[in-house]
Amino acid sequence: MDLLLTTMDRLHKQLDDFTTQLYIAFAFGDGSGLVPSIRIEQRPAGPELLLHHCIAFCAEGDPDISELRFSAGVAVTSAGWVVEALVDVDLDQPRGEFGAGLHTLHLERSDQFSLEDALGRLTEQVAAMCTMCDIPRRLGFEVH
């Protein structure tokens with residue numbers, strides 16, 4: 001269990017550094033915010049730990065919130081550990097090259113891992129997500 005917690009803590013910091021850099025580099029606008037979190041849920045087979053980093057923003061003159069989300073996590077099942085990495089954007093209004101609605105930009109789910117293999121795969125996935133620095137530009141945001 002120590003390996004799980006220390007790895008998740010390290011990956012949370014890595015993803016937090018990346019999303020903070022994005023948030024600082026791009027002009028997401030007034031009222032925007034960055035919300036990093038670790039979610040832990042108890043499932044029948046065991047725990048699910050999810051790193052969730054969200055950049056929330058509003059279109060000018062629109063009170064509704066849109067979100068750019070980076071999530072990665074592990075869960076234990078009866079068949080072994082499951083790894084999932086997801087980058088998506090939920091837009092209230094069209095923005096950049098995307099129409100309004102939910103858009104999955106990256107999704108990878110793998111299962112039947114041992115804990116050590118799952119954490120290795122999760123480490124690879126978080127590293128891959130931390131190279132996706134073009135997403136705010138694709139959403140039409142300008143660099144500061």
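The exercises below work through a predicted model, each with a step-by-step solution.

Residues are numbered from 1 along each chain as its sequence is written. In this predicted model, local features need pLDDT of at least 70 and side-chain atom pairs count only at pLDDT 80 or more, while totals for chains, interfaces and linings use all residues; side-chain values use heavy atoms, with hydrogens and water left out.

**Exercise 1. Determine the order of the strands in the open sheet and state which strands stand at its edges.**

Solution. Begin with the terms: helices (H or I, at least four residues) and strands (E, at least two) are DSSP runs, numbered from the N terminus. Two strands pair if DSSP finds at least two bridges between them. The open sheet has five strands in the order β1-β2-β3-β4-β5, with antiparallel pairing. Next, consider the edges: β1 (33-42) and β5 (101-113) each have a single partner strand, so one side of each is left without a neighbour in the sheet. As an example of pairing, eleven bridges join β2 (residues 47-58) to the antiparallel β3 (residues 65-77). Within that pairing, Cys58 has Ile65 of β3 as its bridge partner.

**Exercise 2. Describe how helices α1 and α2 are placed on the sheet.**

Solution. Angles run from 0 to 180 degrees between N-to-C directions, with axes fitted as lines to C-alpha atoms, for helices over the stretch in contact. Contact means heavy atoms within 4.5 Å. Helix α1 (residues 2-25) lies across β1, β2, β3 and β4 (80-91), and runs at about 10° to β2. Helix α2 (residues 115-129) packs on the sheet and touches β3, β4 and β5, its direction making about 20° with that of β4. Apart from neighbours within four places in sequence, Thr7 is in contact with Leu119 and Thr123.

**Exercise 3. Identify the residues that touch the most other members of the largest nonpolar core.**

Solution. A nonpolar core is a set of buried Ala, Val, Leu, Ile, Met, Phe, Trp, Tyr and Cys residues joined through side-chain atoms within 4.5 Å. Buried means under 20% relative accessible area, exposed over 50%, and partly exposed in between (1.4 Å probe, protein chains only). The largest core has 35 residues, of which Leu4, Leu15, Leu68, Phe70, Val74, Met129 and Leu139 touch the most other members. The elements giving two or more residues to this core are α1, β2, β3, β4 and α2. Beyond its neighbours within four places in sequence, Met129 has contacts that include Leu15, Phe18, Phe70 and His106.

**Exercise 4. Classify the aromatic pair of Phe28 and Phe57.**

Solution. Rings of Phe, Tyr and Trp (its six-membered ring) pair if their centres lie within 6.5 Å; planes under 30 degrees apart count as stacked, over 60 as edge-to-face and the rest as tilted. The structure holds six aromatic pairs. For Phe28 and Phe57 the centres are 6.0 Å apart and the planes make 40°, a tilted pair. Phe28 lies in the loop between α1 and β1 and Phe57 in strand β2, so the pair ties together parts that are 29 residues apart in sequence. Phe28 is buried at 3% relative accessibility, and Phe57 is buried at 2%.

**Exercise 5. State how many disulfides are counted.**

Solution. A disulfide is a pair of cysteine sulfur atoms within 2.5 Å. The count is zero. For Cys58, the nearest cysteine sulfur is that of Cys54, 11 Å away.
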